[in-house]
Amino acid sequence: MKKFVIFAALALSPYFMAQDIVSKPVQSFQSAQYQSKKKAFVDNLLSKMTLDEKIGQLNLPGASDFTTGQAQSSDIGKKVEQGLVGGLFNIKGVDKIRDVQKVAVEKSRLKIPMIFGMDVIHGYETTFPIPLGLAASWDMNLIQRSAQIAAQEATADGINWTFSPMVDISRDPRWGRVAEGSGEDPYLGSQIAKAMVYGYQGKDLMDKNTMLACVKHFALYGAPEGGRDYNTVDMSHVQMYNTYFPPYKAAVEAGAGSVMASFNEVDGIPATGNRWLMTDVLRKQWNFKGFVVTDYTGINEMIDHGMGDLQQVSALAMNAGIDMDMVGEGFLKTLKQSISEGKVKEQTVNDAARRILEAKYDLGLFDDPYKYTDSKRAQKEVFSPKHLEAAKTIASNSMVLMKNDKQILPLKKSGTVAVIGPLADNAMNMTGTWSVAAKHANSISLLRGLKETVGKDVNFIYAKGSNVYESEEMEKRAAMFNKTTDRDSRPADQIRKEALDVAGKADVIVLAIGESAEMSGESSSRTDITIPETQRALLRELKKTGKPIVLVLFTGRALVLNEEKELADAILNVWFPGSMAGYAISDVLYGKVNPSGKLPMTFPRSVGQVPIYYNAKNTGRPLSAENTDKCNFEKFRSNYLDECNTPLFPFGYGLTYTSFGYSDVSVSNAKPAGNTSIEASVTLTNNGKYDGAEVVQLYIRDLVGSNTRPVKELKGFQKIYLKAGESKKVTFSISPEDLKFYNNELKYDWEAGDFDIMIGTSSSEVKITRINWSK
């Protein structure tokens, strides 16, 4: 019976494959006739607009929190009536949005509708795992489905523009916004970027349940010095084009309608004012046709960068290729003067206004400005049972089993289980960072999920065990945006003793520790990426009881987990799973779902290893493979005196309740020539007792190049579902396109020579064969 139940749960993922998955960019559905009609409409509208009205289209203020009925009397409402606002963000609810839109289309001179944006990052009210957790699913159908549901709910509630996906590559887990991205790899990140854009925008932006995507943060935001948010970024163009640019480019090619500029500088010029980035790369090289918006006060912040006063930086941004100013109103206040002084051409403003108007046309707002304000839709489609069921399935598929000694998991449905930890009964933190529309109190905590799903055969007993931090000040920093940590004011030893007493009555301990929701995310950088000491002290004391410990890890980043790996019998990384967290975790802990997630980011042994990533390059003095594997120090080689070179958990790593075997790699042609394709295959076998899924990963190494090349690069993956005892041949097609890279002259091409073809279960555990590809 157990085997059947697990397979039935896993079968839910192929269910999503049967959904209407988008396979082509939105632009491909727009005919030449459509484009001609759009151009004529916008040309006519622009001809009627004053310069003030054109500049007004470039203004994106925040909505604050005015209530229904305030729209016309508010300062924003007055600007809307004057035609000085192109859109609003962070306004929630059909009634409020209808009120503001009514002012725009009934009170302003030209009756131009507005767009309404929000940070719909990983779901709307139905919340999915944080993006780093979604990436751990390695399932593009599930990821796309999460974006489809987010778009359906947000548009039902009046929102038609999302500031997502965030596609910044990051190799530094100190940076808090790794939680909002897809990890360290450009190939995986590119696939996810496309899936998210397709999910949000669908086949046609005219559809009422699709919304405009905004790719952020362009560019390189995930590589700040010291891992400190908003900090300086400095890298070579080769690094940009080969590692950091691909996900942005993939999202643009998928048809993303807008792009957001990043806060950091690029080549010494802030991205918001960087013409090379916004015009030469984005528009000329990548042929991006949508509009570019700043991040929050991005133009104004160039003053502190040292780029001039408000007029100077506003002109710099406009001339660089920025179309819309979020919050700062630098365009609104200074562009007319800059035009009169010859510092900005009026045609540049016209072009920016055109792009905003075209986006509104594509959304169908000129045909029906109220299309997103149907209150009946909101009541029916937001936080619906169908969406919650999808959220549970997606969450359970994102979890990564990092350790499972003696097959302690899945747990047996009997006996007494001690559920302990500061995150064990905390619904407010289950959605993680950047869940602005979520109703956190409606989320399912771990304790609640266990009690409601496992049944009466298991006796669950609970104790908090510790606070998130010993320091009250640190805990305040970790509990922003009303995501309370329910701090216990008693002394730490007293809270811990209560947990030890509870543990003494149990057969097994489920320990829920890690980060709270806002310990990662924007402006949540950390120099110490271990679990806070008071929680680790709890783990040490619980270990002394001799009871088996299943560590349920909550985190928005890669953590240093040396002690936890040593002390816990099992580690299940659940990230922040979203609205249905407790139910999804319970399904995995008790075997209803066999975990299949894989790490999208390397977990270091020490913060001193950071940045650490799988697709590194060899030095001229690499440590030998034998000493690398054995963690031996070797003088005059590239290694540390006090630490191994290898990570604690590598990129692509993840266990399941079953075991998978790989045959050797076979290739259809070991000596291909020219522009052809070959096939590389392995036979995958489920050798265990449970049905399950394995993410089969393809890596390639270019052994000799005109530029130094990484030791391996992800070039493909497939998530394969097998019943216990079943085998399947897994095949990847490889062409010269997979071998291309940007050389130091930024020429994108491939070079003949030897290549290692690697297929396996993670970046560190692969089968290898070698081929020679000639031109």
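## A tour of ring pairs and a helix crossing

Begin by selecting Phe 218, Tyr 241, Phe 245, Tyr 248, Trp 276, Trp 286, Tyr 742 and Tyr 748, which ring pairs link into a cluster; rings of Phe, Tyr and Trp (its six-membered ring) pair if their centres lie within 6.5 Å. What you have open is a predicted model, in which local features need pLDDT of at least 70, side-chain atom pairs count only at pLDDT 80 or more, and totals for chains, interfaces and linings use all residues. Residues are numbered from 1 along each chain as its sequence is written, and side-chain values use heavy atoms, with hydrogens and water left out.

By the ring rule, the count comes to 31 aromatic pairs. For one of them, select Trp 138 and Phe 651, whose ring centres are 5.5 Å apart and whose planes stand at 50°, so the pair is tilted (planes under 30 degrees apart count as stacked, over 60 as edge-to-face and the rest as tilted). Trp 138 lies in the loop between helix H7 (131–136) and helix H8 (140–156), while Phe 651 lies in the loop between helix H25 (625–630) and strand S17 (660–662), so the pair ties together parts that are 513 residues apart in sequence. Helices (H or I, at least four residues) and strands (E, at least two) are DSSP runs, numbered from the N terminus. Trp 138 counts as buried at 2% relative accessibility, and Phe 651 counts as buried at 0%; buried means under 20% relative accessible area, exposed over 50%, and partly exposed in between (1.4 Å probe, protein chains only).

Next, select Tyr 230 and Phe 263, whose ring centres are 5.3 Å apart with planes at 85°, so the pair is edge-to-face. Tyr 230 counts as partly exposed at 35% relative accessibility, whereas Phe 263, at 8%, counts as buried.

Now turn to Lys 565, whose charged end sits over the ring of Phe 649, 5.1 Å from its centre, and then to Lys 635, whose charged end sits over the ring of Phe 636, 5.7 Å from its centre. A charge sits over a ring if NZ of Lys or CZ of Arg is within 6 Å of the ring centre and within 35 degrees of the ring normal.

Finally, select helix H14 (residues 310–320) and helix H15 (residues 330–340), which pack at an angle of about 85° with their axes 9 Å apart. Axes are lines fitted to C-alpha atoms, for helices over the stretch in contact (heavy atoms within 4.5 Å), and angles run from 0 to 180 degrees between N-to-C directions.
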